[in-house]
Amino acid sequence: MTNLNYTFTSRTRNITFGLMAIGLITIIAAFATDTVAPDGFTADTYHHTRTWANLLVNSYFFMGIALLSTFFMALQYVAEVAWSVAVKRVYEAISSFLPIGATIMFLILLAGQVHLHDMYKFMDNDIITPGNPKYDEVIANKHGYFGAGDWFFWLRTVGYLVVWCLFQRGFIKRSLQQDIEGGTTLHFKQMGKAAAFLVFFAVTSSTSAWDWMMSLDIHWFSTMYGWYSFAGLWISAMITIILFVLYLKRRGYLEQVNDSHIHDLGKWVFAISFLWSYLWFMQYMLIWYTNIPEEIIYFQERLHDFHYMGLMWTVFALNFVFPMILLMSRDAKRNYFFLTFVGCIIFIGHWLDVFMMVMPSTVHGQWHLTWVEIGTALGFLGLFLFIVHKALTKAPLMIQKHPYLDETLHHHY
Amino acid sequence: MSKVVIHAIYDDEEPLMASVKSLRSNGFQIKDAFTPFPVHGLDVAMGVPRTRIAICAFIYGITGTCLATLMMWYMMVHDWPTDVGGKPSFAYYMNVPAFIPITFESTVLCAAHGMAITFYLRSWLVPGAKAKNPDPRTTDDKFMMVVETKEENKANLESLLRTGGASEIHYK
């Protein structure tokens, strides 16, 4: 069989380097120019907040794609799925971004701790000191979880990131070893590890979303939030997988992938976009219905206070109505053009969803969607694509030995 | 010219599939096939047209959406405007989030029931319907293909079936 190994052409490499350069220049320029506190902020409370918020949006989004690819990988092992073995290398390559994404995420949180930015209110000790003019009773009452010298927060943050990365590394290592050795011993070991990862991830997917995202609105809380952000990142990961599969297929790789595999990936995108819509809507509806001031503030900010309404409903339409109508039929899920088109649109849609999670809570009314936002996103995209392309070259795209190899080659539906 | 109906029995699904393909390439039409379990790709090999039940499901679903909307608009807005939780129903769109769960449930209910009922009626699986299976062994371990052809093609067909691996051939 031809084209077993992926070649990272210099053209593709130059494109990713170009994107990274755009991103780097944008970030530097943003830090240089984003110095004057806009309306609603004082010089004391504005530390390049727009730029930091952008970095947070992108680091969370791209780390999330890698993380949810790892989750999808574990899910395939535990559920003993055979069809996905054909595209195994693709989601393994996407998960390889996790260590780098986790490092960037960690650095951005650390920058908050050393007061380079103040997106996380609880990191400021004055706020929890009684008698201080900044004292905030609500935040002080959450001291046990956010605060207490911040050691608990950092224990959690480092714990999630390190354990996720270790699991991801282990999965890849054993998967490559299995390709040489074959047999079922390693496969069952993968299953056991995957089950352990899923248990750990079940808790930490929610708590990490609370710690890094929901804590931007530290007064507010929602029990749906963890699942909502989990579903958003999951669909982003599924779109990334499908776009990479289609890209490789067009370039003449992945001979083992037939229309039934593509159809199954399309079904995942369709199903998870419903999961996301369900969670988004349920969070919205319950808060809208009860209309309690301490809960409604989240949607008050996003719908009425700061002119986000158009963007908010655009995000919902892009991520729910659009894939529902376009991916409903069987033929659409097998059509490369349709899948690429819908995939690109909802990829942007879910990036905007993370944008909507972060911006109203950090820069409030002073939001933009111009060169800083787009440039930073392109920079992260370039880094992400570079790492994933590099990871694709590390192993033959065609699986050599796997217990389900025969079944996946004959996958027909 | 009289017609003959042939029941060919197979012991396995692979010879059945191969036979279906060879008969079709020789210009014969397969009338039906009876198997103990679903054989993947058999419908395509037999030339059965794609099911249109998905189109029915879509129509039933849309019907459910419309019925639910009409019902709630009539009950909650038009006939007896109700103020629940400080949200008076002056117009349907104002309280639309509250109506979404019921709209969804009604859509699913109509689509699912409509599909099931359509399927039963279309394949005439109604109470008291006679079993159409000509040989009860096809519910256990035999595979059967039903072919209808003209009297003059009988010999040709039979030789095709025999070489295809049919274990029994019955004329009806």
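Author: Start with N291(A), which lies in the loop between α9 and α10 of chain A. A caution first: this is a predicted model. The backbone is what draws the eye here. The phi of N291(A) is near 60°, a positive value, and the residue is not glycine. Most residues other than glycine have a negative phi. Is N291(A) buried or exposed? It is exposed, because 12 other C-beta atoms lie within 10 Å and the cut-off for exposed is 12 or fewer.

H307(A) is in the loop between α10 and α11 of chain A. Its phi is also positive, near 60°, and H307(A) is likewise a residue other than glycine. H307(A) counts as exposed because it has 10 C-beta neighbours inside 10 Å.

Now step back along the chain from N291(A). That residue comes just after α9(A). Helix α9 of chain A covers residues 259–290, 32 residues in total. From first C-alpha to last it reaches 47 Å, close to the 46 Å expected at 1.5 Å a residue.

Which residues of α9(A) are buried? They are H261(A), I262(A), L265(A), G266(A), V269(A), I272(A), S273(A), W276(A), Y284(A) and I287(A).

After α8(A) comes G252(A), with a positive phi near 90°.

Another helix of chain A, α14, shows a similar pattern. It runs over residues 371–392. Its 22 residues should span 32 Å at 1.5 Å a residue, and its end C-alpha atoms are 31 Å apart, in agreement. In α14(A), 17 of the 22 residues are buried, so α14(A) too is largely enclosed by the rest of the structure.

In soluble globular proteins, nonpolar side chains tend to be buried together. The largest nonpolar core here holds 106 residues, and the members that touch the most others are I94(A), I241(A) and V245(A). Helix α2(A) gives the largest share of this core, 18 residues. A separate core has 15 residues, including I6(B), M17(B), M144(B) and A166(B).

I241(A) leads back to α9(A). Beyond four places in sequence, I241(A) touches S69(A), V87(A), V90(A), Y91(A), I94(A) and L265(A). Of these, L265(A) is one of the buried residues of α9(A).

Helix α2 of chain A, residues 49–78, also contains Y77(A). Y77(A) counts as buried because 23 C-beta neighbours fall inside 10 Å, where 20 or more are needed. Outside four places in sequence, its contacts are Q190(A), M191(A) and A194(A). K189(A) is 112 residues away from Y77(A) along the chain, yet their C-alpha atoms are separated by 9.8 Å.

Finally, the partner. Where chains A and B meet, each contributes seven residues to the contact. On the chain A side, five are nonpolar, two are polar and none is charged.

Chain B has five helices and six strands. From the N terminus, its elements run β-α-β-α-α-β-β-α-β-α-β. Its radius of gyration is 26 Å, whereas a compact globule of 172 residues would be near 16 Å. Along the principal axes, its C-alpha atoms fill a box of roughly 80 × 35 × 35 Å. Burial stands at 15% of the 172 residues of chain B.

Chain B divides into domain 1 (3–36 + 141–171) and domain 2 (53–122). The centres of these two domains of chain B, taken over C-alpha atoms, are 49 Å apart. Among contacts in chain B between residues at least 6 apart in sequence, 79% join residues at least 24 apart.

Key. Residues are numbered from 1 along each chain as its sequence is written. Chains are lettered from A and ligands numbered from 1 in the order in which they are written. This is a predicted model: local features need pLDDT of at least 70, side-chain atom pairs count only at pLDDT 80 or more; totals for chains, interfaces and linings use all residues. Helices (H or I, at least four residues) and strands (E, at least two) are DSSP runs, numbered from the N terminus. The expected span of a helix is 1.5 Å times one less than its number of residues. Two residues are in contact if their C-beta atoms, placed from the backbone, lie within 7 Å. Ala, Val, Leu, Ile, Met, Phe, Trp, Tyr, Cys and Pro count as nonpolar, Asp, Glu, Lys and Arg as charged, and the others, Gly among them, as polar. The radius of gyration is taken over C-alpha atoms; the globule rule is 2.2 Å times the number of residues to the power 0.38. Domain bounds come from an automatic or database domain assignment. A nonpolar core is a set of buried Ala, Val, Leu, Ile, Met, Phe, Trp, Tyr and Cys residues joined through C-beta atoms within 7 Å.
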